[in-house]
Amino acid sequence: MYVQEHSFVKRDVDAADSGGEVLGSTQSSIFSASCTSMGLICGFAGLTVGLLIAVAVFYKYRRNRNNGRNGNYGGIARNEENKNQELVKLLTDLKGKLEDERDQIKPQLITLEGQREENRQKLQSVEKEITAREMTFDKPEELLKQKEKLLNEQWVLDQRKKDLEKHLLDNERLVEPIEIWHSKRPSSQ
């Protein structure tokens with residue numbers, strides 16, 4: 001493992017010393033695959049925490065409602081009604097935010113799919129050119145570098161698509177219990 005990392009670093013240093021472009025290095029950007037993945041993970045974690053808080057409030061509300069049935073109904077009923085309204089508002093807001101996020105992810109997926117298709121077409125044309133030059137015994141080194149670059153871009157786009165699809169699926173999994181709860185709650189509230 002150390003030898004592989006060392007040789008990778010040595011290759012990058014040698015390429016940087018010679019003034020050449022470092023093909024194996026990654027660009028530092030907020031839109032890199034690692035930053036995007038971390039952003040999606042943090043967003044999902046935040047939504048999960050919000051959902052857990054909403055569920056905890058809901059269960060506490062149900063427990064208090066069941067305890068209140070044996071005691072004073074006047075003040076408890078009003079208090080429970082207020083808590084119920086707060087819970088409904090909280091869950092409705094959470095559901096709205098999740099749906100807005102889903103609506104933002106879907107166009108990103110469509111755009112990303114277009115980028116992937118464009119990259120795939122470029123890659124195919126480069127591969128055809130490489131094949132044609134190899135037939136004439138010409139060394140297509142610049143085309144091989146371009147092919148490597150396009151393959152790296154394709155990998156990044158594939159990872160981004162995978163992350164967006166996972167985030168969309170996680171979003172749907174969070175919305176589903178809220179929709180079930182809304183459909184089961186009494187209409188009088």
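Reader: Hi! What share of the 189 residues in the protein chain is buried?
Author: Buried residues make up 23% of them, where buried means under 20% relative accessible area, exposed over 50% and partly exposed in between, with a 1.4 Å probe and protein chains only. This is a predicted model, where local features need pLDDT of at least 70, side-chain atom pairs count only at pLDDT 80 or more, and totals for chains, interfaces and linings use all residues. Residues are numbered from 1 along each chain as its sequence is written, and side-chain values use heavy atoms, leaving out hydrogens and water.

Reader: Thanks! How many helices and strands are there in the chain?
Author: Four helices and zero strands; these are DSSP runs, numbered from the N terminus, with H or I and at least four residues for helices, E and at least two for strands.

Reader: Which residues touch the most other members of the largest nonpolar core?
Author: Leu87, Leu91, Leu94, Leu98, Ile178 and Trp181, out of 14 residues in that core. Such a core is a set of buried Ala, Val, Leu, Ile, Met, Phe, Trp, Tyr and Cys residues joined through side-chain atoms within 4.5 Å. H2, helix H3 (73-135) and helix H4 (141-184) each supply at least two residues of this core.

Reader: And what is Ile178 in contact with?
Author: Leaving aside neighbours within four places in sequence, Ile178 is in contact (heavy atoms within 4.5 Å) with Leu51, Leu91, Leu94, Lys95 and Leu98.

Reader: New topic: is Val49 buried or partly exposed?
Author: Val49, which lies in helix H2, is partly exposed, with a relative accessible area of 48%.
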